[in-house]
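Thanks for coming. I will go through a few local features of one structure, starting with rings and ending with a helix.

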Amino acid sequence: KEGGGSWRVLYSRSMSSSPLSKKRRVSDSETKTGSHCSSSNSVRTELSHTPTNGMAKNGNDAEIDEGLYSRQLYVLGHDAMKHISNVLVSGLRGLGVEINVLSLSCLQFYLREEDLGKNRAEVSRIRLAELNSYVPVVAYTGVLIDDYLTQFQVVVLTNSPLEEQQRVGDFCHSNGIKLVIADTRGLFGQLFCDFGEEMLVIDTNGEQPLSAMISMITKDASGVVTCLDEARHGFESGDFVTFTEVQGMTELNGCQPVEIKTLGPYTFSICDTTGFSDYVRGGIVSQVKMPQKVVFKPLTASMAEPEFVLTDFAKFERPGQLHLGFQALHSYQRKHSRLPKPWCQADGEELVSLAKEVNSGQTGSAKVDELDDKLIKKLAFVSAGDLAPLNAFIGGLAAQEVLKACTGKFMPIMQWLYFDALECLSEEEGGAMLTEEDCAPRNSRYDGQIAVFGSQLQEELAKQRYFLVGAGAIGCELLKNFAMIGLASGEGEVIVTDMDTIEKSNLNRQFLFRPWDVTKMKSETAAAAVKQMNPSIRITGHQNRVGPDTERVYDDDFFESLHGVANALDNVDARMYMDRRCVYYRKPLLESGTLGTKGNVQVVIPFLTESYSSSQDPPEKSIPICTLKNFPNAIEHTLQWARDEFEGLFKQPSENAMQYLTDAKFLERTLKLPGAQPLEVLEAVYKSLVTDCPHSWADCVTWARHHWQCQYSNNICQLLHNFPPEQLTSSGAPFWSGPKRCPHPLEFSTSNHLHMDYVMSGANLFAQSYGMQGSTDRVGVAKILDSLSVPTFVPRSGVKIHVSDQELQSANANVDDNRLEELKALLPGPEASSHFKLTAIDFEKDDDSNFHMDFIVAASNLRAENYHIPPADRHKSKLIAGKIIPAIATTTSAVVGLVCLELIKIVQGHKKVESFKNGFMNLALPFFTFSEPISAPSHKYYEIDWSLWDRFEVKGLQANGEEMTLRQFLDYFKNEHQLEITMLSQGVSMLYSFFMPAAKLKERLLLPMTEIVTKVSKKKLGKHVKALVFELCCNDLTDEDVEVPYVRYTIR
């Protein structure tokens, strides 16, 4: 999983009439309370008509810069992206800027100290424009009059008085303009959507349409479809499906979408099939996404009869209360021309009274039986506050709603959403109540935060020392929020590490980076960017990968100096490693991830919660080898096969050949490999260095053409020779049925673009691997191909083709020892190394000039043609073959907002597990769920309770200055803990076991522990190592096996 930084289309109307990505914005309204029209600082963006590789004009269509938008395109799709049009965002305070940057994310993180006194829109315009050269930005500081609003597809109001919301809301509803209202008040957030009465949602959930293979269809009034039992079909009642490749009941092929009713995990019913032909075999059923019409009420009507999207099921009654509370705040502002003062009791009481008045005036479902006075008071106490994390969360949600309004992609919020993070306040109910003096403005950039939490938290935040692992999408957002909340702005420090450089595709959502930063180190660039946002932040950028190799850098001293760790990683292994480090050093861990519109947050607190590794996702399902080699039935299979081809042709052979030439022990190691591997490796080395070694570009073309013939014609002919199209299984069923698709060989033609793509890319990659110059001259290559003579293939008898992985595994690999000896004699000697400069090519999906994706797309689609599988375009092929994680900035912003709310709780020293919140969201549905973290599981030996956070602390150095021996170690546990150690290990090294040979045991018992460790592991202990971790198996006094914690054995 990863995260994103920002979508970059902004504010006002473009001069162009085509519906491309051209969003506009309006900045902070700085409205005088009570006025009907606000003078809005606005920013306007126009889409430039860039003709080359960006969102360029091409006839009437917009071409989308896939290099920039690739990860977002995998979330929204090309069609939806082209519908993102004119958007006005009114209000350029913290929330407005979050929505702006995301719609196209301090509070106002684009303002700097030198900008004090300047117009917000003008200053923001310049820095917003840097985000995306395809979206020119223009400032607007005029009044929000009706005529101005007609230009926009979507209007977003932030920091806007209720009267203006109602006026603009009525106008937008009656003129077909979609409206989003977003507001944050301290720890509270509000979101409202009105997309009119004719809103068509083309995709309600954003999931890939499902498909399944069919084994039977009955002739009934409601025909029953049975799917192959390889996997559950995954459909739900009410889904619509269509059919292809059905034999017999052909009336279903290409039919109009049919509504289904699920009967079980492998069966569902469809329409009346009694009049159809008899089903014979085969067929694929595919889900069809059906457009859904959604009707919205205008703002005024929806205020009286609200529908709520619940963000926290533990706060079921809260949306209704806050619905009245926010209206009461508007009444308070209208009356006093200000918000309630922070933590002012009198203002709190007045807001409660106003809320009661609002409630008594309700006639619809908005009226509540009893007002929650405590909640409304807290709303009053913090409403003057402005918090970056809450702006990030509500801003991310609002920006996603803007995308939904423009594109019809995903289900909108119907129609109100309220959120609060009151758990961030003191845990002592009625105890440590803040005072007005604690929260009074200090004329500092953090006044919005001090208004909520007081000045003490600000001082604590400044002292924090945090380790941020990763400076990608989530990492950039975290750093921005760290800078805005003042983390490490005093004695503290943020250390960020990331070994990656910035690529063009990062710019779409990692918003600390600019086009001129491409190829620079992420960590250093991100650190410099946040330093500009907040010059007080102390931040250091590293370029290290976290893992055992860097434990000399991130050693005991380093971790012990930290207050906590935030992960911004994109793989599970690194997450689990950092989790283990945090458990060992007992440091809080903030964990998060995104996948398209899905996001999750997990907080790990020492001695309180379970760790990240306590629960794991099920492993990804792998594709069986025989399916890849001989029986593909989906484009995913052919793409994985193409990736394997790439590795097997352009990486592994070169690696092995160069190792053979440069490493004297390579041959010795290879001959020790199991099964047929020695022969396979040496055959590949022989081919690389002798039979296939090219001497010219023409040789490379010849090699590619012959390989094409082998893979797409000869091997298919051999497969069909072994299993003819009419072959039957032992039970009399057709061999080629169900998941086995009968292939056909292809015939090469230089006039077929796909055939030429394969040869061009294959020949160029082959030339690269030998350090030779390639060519893009297709005409010249065609001439070489026309002069080639390709031998006619004759299938051979006796060739074994495995039908299943079980059959493959049980087959005995016969090694031809004579051929092995022959190869050893034929291979060139080490002296030949000077003649070869082979280079192993690492697959890189994002460089369109390197032939990598050209080869993958051609190789996969040719194989798909062999097996009658629909091909995939380059965009989809890159997603699957490159294992790309779809990402969009909106989700990242929302997730990081939640992470930083948890950070605030940690810094305050919250101790109750119920104060913390793990969260999951899917902005497409929309769906939110929060839960308190799971407590660390408790274990017991004797009467002692322990969890993963506990351990035995043993000092290796004794009072006399000598180190503990193994005998003393064993005695220590017997005497101090009444535990008899039966086995003792360190990492993968077994140091002691009760079944150890007597002679070895006698020797070891007298040795110091560190000496045994170095002797068994054959590794010296680094000077940075202060302690060792030992794992124990123990028996208690009754000789029963007991589970006990690990040992931290201190040696320095």
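Let me begin with Arg863, which lies over the face of Trp641, at 4.4 Å from the ring centre. Keep in mind that this is a predicted model. There is another case of this kind: Lys740 sits over the face of Phe735, and here the distance to the ring centre is 5.4 Å.

I will show two of them.

One is formed by Phe467 and Tyr554; the pair is tilted, with 4.9 Å centre to centre and 40° between the planes. This pair links distant parts of the chain, as the two residues are 87 apart. Phe467 is in strand β20, residues 465-469, while Tyr554 is in the loop between β22 (539-542) and α16 (556-560). Are these two buried or exposed? Buried means under 20% relative accessible area. Phe467 has 1% relative accessibility, so it counts as buried. Tyr554 has 4%, so it counts as buried too.

The other pair is Phe994 with Phe995, and it is edge-to-face: 5.2 Å centre to centre, with 80° between the planes. For exposed, the cut-off is over 50%. Phe994 counts as exposed because its relative accessibility is 57%. Phe995, at 55%, therefore counts as exposed as well.

Now the helix, which is α25, residues 778-786. Which of its residues are buried? They are Val781, Ala782, Ile784 and Leu785. Looking down the axis of α25, we find these buried residues within an arc of 160°, so they line one face of the helix. What do they pack against? The buried residues of α25 pack against α23 (697-722) and α24 (753-769).

On the face of α25 turned away from that buried side, we have the exposed residues Val779, Lys783 and Asp786. Val779 has a part at the helix end as well. Asp777 caps the N-terminal end of α25, with a side-chain oxygen 3.2 Å from the backbone nitrogen of Val779.

To go back over the helix: α25 has its buried residues on one face, and Asp777 as the cap at its N-terminal end. That is what I have for today.

Notes: Residues are numbered from 1 along each chain as its sequence is written. This is a predicted model: local features need pLDDT of at least 70, side-chain atom pairs count only at pLDDT 80 or more; totals for chains, interfaces and linings use all residues. Side-chain values use heavy atoms; hydrogens and water are left out. Buried means under 20% relative accessible area, exposed over 50%, partly exposed in between (1.4 Å probe, protein chains only). Helices (H or I, at least four residues) and strands (E, at least two) are DSSP runs, numbered from the N terminus. The arc is that of the directions from the helix axis to the C-beta atoms. Contact means heavy atoms within 4.5 Å. A polar contact is a pair of N or O atoms within 3.5 Å; within protein, one must be able to donate a hydrogen and the other to accept it, and residues adjacent in sequence count only if both atoms are side-chain atoms. Rings of Phe, Tyr and Trp (its six-membered ring) pair if their centres lie within 6.5 Å; planes under 30 degrees apart count as stacked, over 60 as edge-to-face and the rest as tilted. A charge sits over a ring if NZ of Lys or CZ of Arg is within 6 Å of the ring centre and within 35 degrees of the ring normal.
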